[in-house]
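Colleague: I've got a model open and I'd like to learn how to read its inner holes and its strands. Can we walk through it together?

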Amino acid sequence: MKQEVTDKYSLRGRVFHKIREDILNGRYKVNEELREVAIGEEMGVSRTPVREAFRQLELEGLIQIVPNKGAYVMGITAKDVKDIYMMRSLLEGLCARWAAENISDDQMQEMEENIFLSEFHASKGHAEQMAELDNRFHEILYEASGSKMLEHALKDYHQYVQRLRKRTLSTQNRSIASNAEHRAIMEAIKAGESEKAEKLANQHMINAYENMVKNGFIDRYEEEQGQEA
């Protein structure tokens, strides 16, 4: 994981992460052309690190490079969001199972503190703090699994759907329900009940996606992305 952190702060890494973030937060729309020169000027870099970032973004499926034409945003579609949540449901379940077997005392203490703070901010309707604490809960879970490969994969999936996650947590009913689900997962992990922790974490992801659909977040996301519903 050290290599990933270092790369993020290299010139190439900074350019890649900035463009990636702009795609994921909706600054660039689906099918919009990304122009090397304009992005390079905006970031104060040459075209080389921008071109390298484009190649990496194409490998992630976020853009498509058309020879002799340019680079075009593919982004994360509504179908991608559903696929991500269904895959996350399985992987987060596995993560919780392994966390029940490997979590350290320090990680457990931080997880308990996270849930305490989350419940407080949810009761006050503090959406921004809730989003940050939700992020951290899942990061602790990933770290506690003891698998750097699983942690890396889940952090990427988590990043891909950050816009929608912030919106769904902005509804107080879902933020309170999400906290209750986090607490149940934590208690199963603390008790060493790996099978129960896996089932609860699996269902947590399914509940999160179903809430997005129920509240129209997916439909609005499609409209903003310029996708066909």
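Colleague: How many cavities of 30 Å³ or more does the count come to?

Modeller: Ground rules first. This is a predicted model, where local features need pLDDT of at least 70 and side-chain atom pairs count only at pLDDT 80 or more, while totals for chains, interfaces and linings use all residues. Residues are numbered from 1 along each chain as its sequence is written, and side-chain values use heavy atoms, with hydrogens and water left out.

A cavity is a set of points, on a 1 Å grid over the protein atoms alone, where a 1.4 Å probe fits but cannot get out; lining residues have an atom within 4 Å of a point. Grid points are joined across faces, edges and corners, and a volume is the space filled by probe spheres set on the points. Here the count comes to two cavities of 30 Å³ or more.

Colleague: What volume does the largest cavity have, and which residues are the closest to its centre?

Modeller: The volume is about 120 Å³. Of its 14 lining residues, Tyr85, Asp134, Arg165, His204 and Ala208 are the closest to the centre.

Colleague: Which element gives the largest share of that lining?

Modeller: Elements are DSSP runs numbered from the N terminus: helices are H or I with at least four residues, strands are E with at least two. For the largest cavity, α11 provides the largest share, four residues.

Colleague: What about the second largest cavity: which residues line it?

Modeller: Its volume is about 30 Å³. The lining consists of Leu24, Val81, Tyr160, Val161, Gln162, Arg163, Leu164 and Tyr221, and α9 gives the most, three residues.

Colleague: Now the strands. How many bridges join β2 to β3?

Modeller: Two strands pair if DSSP finds at least two bridges between them. Four bridges join β2 (residues 63–66) to β3, and the two run antiparallel; isoleucine 63 has valine 73 as its bridge partner in β3. β1 (residues 33–34) also pairs with β3 (residues 70–73), in the antiparallel sense over two bridges, with glutamate 33 partnered by tyrosine 72.

Colleague: Which residue takes a positive phi in the hairpin of β2 and β3?

Modeller: Asparagine 68, near 65°; that hairpin has three residues between the strands.

Key:
On a 1 Å grid over the protein atoms alone, a cavity is a set of points where a 1.4 Å probe fits but cannot get out, and a pocket is an open set with protein on both sides within 12 Å along at least five of seven lines; lining residues have an atom within 4 Å of a point.
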